[in-house]
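Please read it alongside the sequence and the 3D view.

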Amino acid sequence: MQKYSFFKLLQHSLSHHKNWQAAWRNPAPAREYDIVIVGGGGHGLAAAYYLAKKHGVKRIAVIEKGWLGGGNTGRNTTVIRSNYLRDDSARLYEHSLQLWEGLSQELNYNVMFSQRGLLNLAHSHHEMSTLLQRHYAMIENGIESEILNMQQLKKWLPNANLTSSARYPITGAIVQRRGGTARHDAVAWGYARGADALGVDIIQQCEVQDLIVTNNAIKGVETTKGTIKADKVLLCAAGHSGHLTKMAGLELPMVSVPLQAMVSEPMKPCMNTIINDSTVHAYISQSDKGELVIGASNDPYLSYSQRGSWQVNEETLQAILELYPVFSRVKMMRHWAGIVDITPDRSPLMGLTDVKGLYLDGGWGTGGFKATPGAGDLMADTVANDKAHPLVKPFGLDRFTSGRLVDEGAASGVH
Amino acid sequence: MLLINCPFCGAREEHEFHYGGQAHITRPADPEQVDDKAWADYLYYRKNTLGLQAERWQHSFGCGQWFNALRCSQTHQFKAVYKMGDDAPEGLS
Amino acid sequence: MSHANNRLTQGGLIDRQQTINFSFNDKPYTGVAGDTLASALMANGVDLIGRSFKLHRPRGIMSAGVEECSAYVQVGNGARHTTNVSATQIEIYEGLNSRSIHCWPSVEHDVGAMVGAFSRLLPSGFYYKTFMWPAKFWNIYEHAIRGSAGLGKAPEVEDADTYEYRYDHFDLVIVGSGPAGLMAARQAAPSGARILLVEQDFKFGGSLLADTAKIDGQTPLQWVEQSLTELQQFANVTLLPRTTLTGYYDGNFLTALERVTDHLAENVRRRGIARERLWKIRAKQVILATGSIERPLVFGNNDRPGVMLASGARSYINRFGVKPGQKAVLFTNNDTAYQSAIELQQKGVTVAAIVDVRQAPPKALRQQASNHNIPLISGSVVHNVLGKKRVTAVEVAGLSAQNTLTSEQQQIQCDLVIQSGGWTPTVHLFSQAGGKLLYDEAQLCLRPDPASIPQELQSVGACNGHFSLTDALREGAEAAHQALLEAGFQSTQANWPEADESSSCIPQALWRVPVRKQGTKRFVDLHNDVSSSDVELANREGYRSVEHLKRYTATGMGPDQGRTSNINALAILAEEQNSTIPAVGTTRFRPPYTPLSFGAVAGRQVGEFFQVRRKTSLYETHQQAGAVFEPAGLWLRPDYYPLAGENREQAVLRECRAVRQGVGIFDGSSLGKLDIQGPDSLKLLNMLYANGWNTLKPGACRYGVMLKEDGFIFDDGVTACLGENHYHMTTTTGNAETVYSWVEEWLQCEWSDWDVYVTPVTTQWAAVSIAGPNARELLQQVGTDIDLSTEAFAHMQFREGTVAEIPARVFRISFTGEHSYEINVPSSYAPALWNALIKAGANLGIQPFGLEAIHRLRAEKGYIAVGLETDGTVTPFDLGMSWAVGKKKADFLGKRALSLPELTRSGRRQLVGLLTDEPAYVIPEGAQIRLESAGQTRSQGHVSSSYMSATLGRSMAMALLENGLERLGEKVTLHIDGKTVTAQVTKPLFYDEDGGLLNA
């Protein structure tokens, strides 16, 4: 792998950057692998990377229907946080957040993880109590969190409407300073480059057409590029997990819906933090390029079309203007939708399945991006050992029959 | 933006409606008699159909009536609407 | 101050008599009516408009329309500060002030331009490869990156203007008023169908405004005039200028932005007149006549001010009467731009040469060039542009069959380069609608695939890949004819006039003009400073799909949405892969077509109209009493009623004491209320609530808990039996709608044969509670015909009668633990009732109390609050409320789940009370109770409600604690903000344990 650094950049500039190697190969699939990962998004590539790096698995293929990172990895609002209420969630996302913190160096690829702090805003005493519950739960789980009063908020949100004349006057907030954003595409690319260097075959434009199951054990996948044998298959295909598991006769408790997002025109820095407000339903940050990145809510209906309804944009920007009336003349440059798999408790589906050798990493709903390194690492461990990692265990399918849901409903708000 | 044909009121804008998910899910007649897995199936497992799905909607900001619809989850096109209790029309795709 | 004057003395669609003063970068200038900011600046000889995004290169005006990717400015100040707008789309007005963006201290002397010296270090994606060491410095690097990115400055003052929506339905919407659109409108108008014609420009006519070819023997302008005159006769036709169709959604739903006041002098814009109007349209049929955009060529230093599209130059000279330069060179690979060169020459711009990529341009064109004394250099290219802040010359060389530069070369002095690389149909809306594109090998463009028409729409003319005027007119007429028939109207046969222009556009592909010197920048996307070497680098590094390319290089991701760059980028990528454009893939166009202000999208639902406040009929009464309100969902409810000098805590304690010692009055009107009637009412209650209802007699009330099918508490409340088969159900304020909707869903979808009707009556009835030892006395004093003796009207009973002469339903129920009545009267009577009670209670110590007080009072009594003690994961058993679960009932919603392993396991969190060892200390709500064992710690519960209690004279709390019910008397530890707090576990009941007060 060609190393990336300022010095290398300088060196390559002398040859007009003509000698940079491809960040990953474009191999034809072998006939057989030890492990096949379906889905070349952040999760699948991260799992491949950690399987190769930490578990020494030699023959791994990542199969991607389109282009790597082309699914929800490249369609989300890039927020990273671990400010969860439930212990199981907090541990999972905190594990991920810690991996984020060294990821650029680990991958030698700058994923531009920017820990600028994530604020949750409250507009009433009751909402503040709800936030405090999360705040204290985080602290109990060893995750840092701070309570901000109005005085402090003025510094954090210099051009927000903090007056009492707002429809929902802001009364306080909690902040996770380690929360941040990252360059979403770079995460997929960085893991792809890292995995490729460790020998992982990344096979793009290869669609899985069937899962080969014999005696309730996975034997491989049928693809548009032929049959690929493997005794272990990990499914990491957000938006398509349900469709894929059906090939193995497994139904999943989730529905796929469009989740919308938008960006504004690029502007000079005008927001230095990330805001999550579950009362007015606003989710906003500013990218390094200067665009305001705004998360909207999902449309309620089943869809695979990556097209949402217009009214979601209206509701979203009404909420943004409630917090930031000064942005009224700012322009929305693009809006789009991704398809997310929503589970009944809004927590992911991870772990083993009823088919031997078939593993699942899906159902991430609106929050999968932040889990990328963590889910990759933990699923790698789970697949390598054929045993759910302790942090993965609570997210198994068995929770729907036992009733042990990991319900972040009250705490999640909009993502 | 969906334009939904309420069987009682006619075509109306999407924001007048409330989506109710997959249609024709019947609550077990005697819940105590079904095992935990079957209960979970009833409560949580949905077909998540790629293609034409039977689903239910309520014209909540109109007549208030629930009804069923056949809609394609890829194109968002409605192929039929029909009343609660009726079977889905056949031969559509 | 004198400025260069590039204005022609005659011609163009401008009014030279009507001068308009404006400023650019604080310098005053004069334009004329009909000018855009770009044309006015050009007329004044201003070449340098802004600086580029990454490298801060000087940039000028590159086009005359929506495709502009170079001349971006900001206009207005303060409350009207608008940034990142293209000068080609700003209609000038008296007093317009505009300035360059993204440069400091000035556009002429931009410090950021130093970046240019290091441009070799900054290829696409350079930031992925560096800034990683040392890791902790990233935030410093990032600060610098962020500061140098972005374009204009964000507004800092609240918007002076308002916005509005307009909803409409049309039989036919025609997008674009060029030849195809106007023709379609003329064809359709007589049918009587409701027709909307939208045009983004302030003048109708589209490409005809700069055209010279005759239609029906008329000049294009005459034909446009005639068309408009004709269309204006029809009441069924709406002509909408300054309106951009921005989005095409499912079900032929369209959004269009009408710019209402941006072209008016600020002193005539009035508050109350919306700045922009967002049209939300349902169309039966749509005709897209959105035209096409000329494509630039990719050659050395093709971003210098003075390099522009041939169509742009033609527009300036013909429409705006401005010379875009004095001496021009045309660089083209196709026929269409020859006309522009000739017209420039005719209007006094010297055309020094036509440089045509093709070895043998058509004979007719060669002839024309020669007729106008324009030297033609065929088989050659402009491979480099000289000059920095304005073109000074071009370097021309021959092109070999292998597309390399030959030794034949010359330098041509000029200050203007006009170029044409072919035409790109404007297919954005077609793509947004869900249509697929196909690649036209001959015309080198993506155009709509006729086999994939996604909705009720037709593309006509140039946006359909048919570029000639004749085709545009024919297709417009035919499409209108077709659309009318589809929409159910009569239509006579399609008719269209003859035009004397039917040229085709078959360019010779040359996606990258070779350069002599390695490192010469050839820009693909001027807006984001993406050059061909960036595309090559992306491909070399494996970013081989179009999506990767876009994301790695940022091609097409700027506010201009890549209108001029997309095809060139795709083609270069395909060339690098020895592949084709269809094989590398095309991207889907995302709405909006042009950026939309947040204000326009939000409409009127901002500020005071954002989620309009719900107020009970007592709102003004509370205001007069000095209440401090708190939002509760959409409602505003009194939190407390401070007396002069009191803070919240003092007021709340006083209110609590008033209730415990005298009598308090509380507005509970926002509680959800459902009227339930019909023979199956009882059956319904038994299914909805966990507890049993069979024994509830008319005149009695009962508390019930509702579960979702997952077994967890969803809502609670009191339901009264008003009479046989008639019940009055109450829900929490927050769940009023949800519960109603949930009940309806069950009734209509599952129990449709049940004979029961549910009506939401929340706002029909106001609910005023009086609570306290003096409550009965108060009710007596205010006057009622109800017998209030305990024997006649016990706790949990309901009576109908009059109170203060108002017809009322009186419920003897309590959420405070005190003797209490909830008096329901028709909403409009509530102020009268309230005032009568206040008056009657004066000598009984009556005081209004708010949300905070009632929460403290109910917590003292151990009553749960949905949303505090419950959060969707709590069962009635967890709350010690097994008495509220009818275990003998055959079925109720949630019953099955209560026997799931997780819901019955030991160790679940259960509701307890907590009393801190330090009585004055109030634990914050949400605090966690720590379990320490074997050196590890974890949370074993949390505080759900916590208050200072006036009654107890100390703090108290409720908590959900693992196995809590078995742990009464234990000490637990909490760690709060660095403080260790110990507390004793108690029953969650601190007041009137035996209920004596309630029942008295």
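**Overview**

Of the 1000 residues of chain C, 65% count as buried (under 20% relative accessible area; exposed is over 50% and partly exposed lies in between, with a 1.4 Å probe and protein chains only). This is a predicted model, in which local features need pLDDT of at least 70 and side-chain atom pairs count only at pLDDT 80 or more, while totals for chains, interfaces and linings use all residues. Residues are numbered from 1 along each chain as its sequence is written, chains are lettered from A and ligands numbered from 1 in the order in which they are written, and side-chain values use heavy atoms, with hydrogens and water left out.

**Chain C as a whole**

- Chain C has 24 helices and 48 strands (DSSP runs numbered from the N terminus: H or I of at least four residues for helices, E of at least two for strands).
- Along the principal axes, the C-alpha atoms of chain C fill a box of roughly 115 × 75 × 60 Å.
- Among contacts in chain C with a separation of 6 or more, 66% are between residues 24 or more positions apart (contact means heavy atoms within 4.5 Å).

**Helix α18 of chain C**

- Helix α18(C), residues 681–688, is largely enclosed by the rest of the structure because six of its eight residues are buried.
- The buried residues are S681(C), L684(C), L685(C), N686(C), M687(C) and L688(C).
- These buried residues pack against the strands β33 (672–677), β34 (701–707), β35 (713–723), β36 (726–731) and β37 (757–760), and against helix α19 (736–750), of chain C.

**Interface of chains B and A**

- In this interface, 21 residues of chain B are in contact with 24 residues of chain A.
- The buried area between the two chains is about 2000 Å², and carbon and sulfur atoms give 58% of that area (accessible area, 1.4 Å probe, that two parts lose on being put together, summed over both).
- Y44(B), Y45(B) and N48(B) supply 34% of the area that chain B buries against chain A, more than any other three residues.
- Zero salt bridges are counted between chain B and chain A (a side-chain nitrogen of Lys or Arg within 4 Å of a carboxyl oxygen of Asp or Glu).
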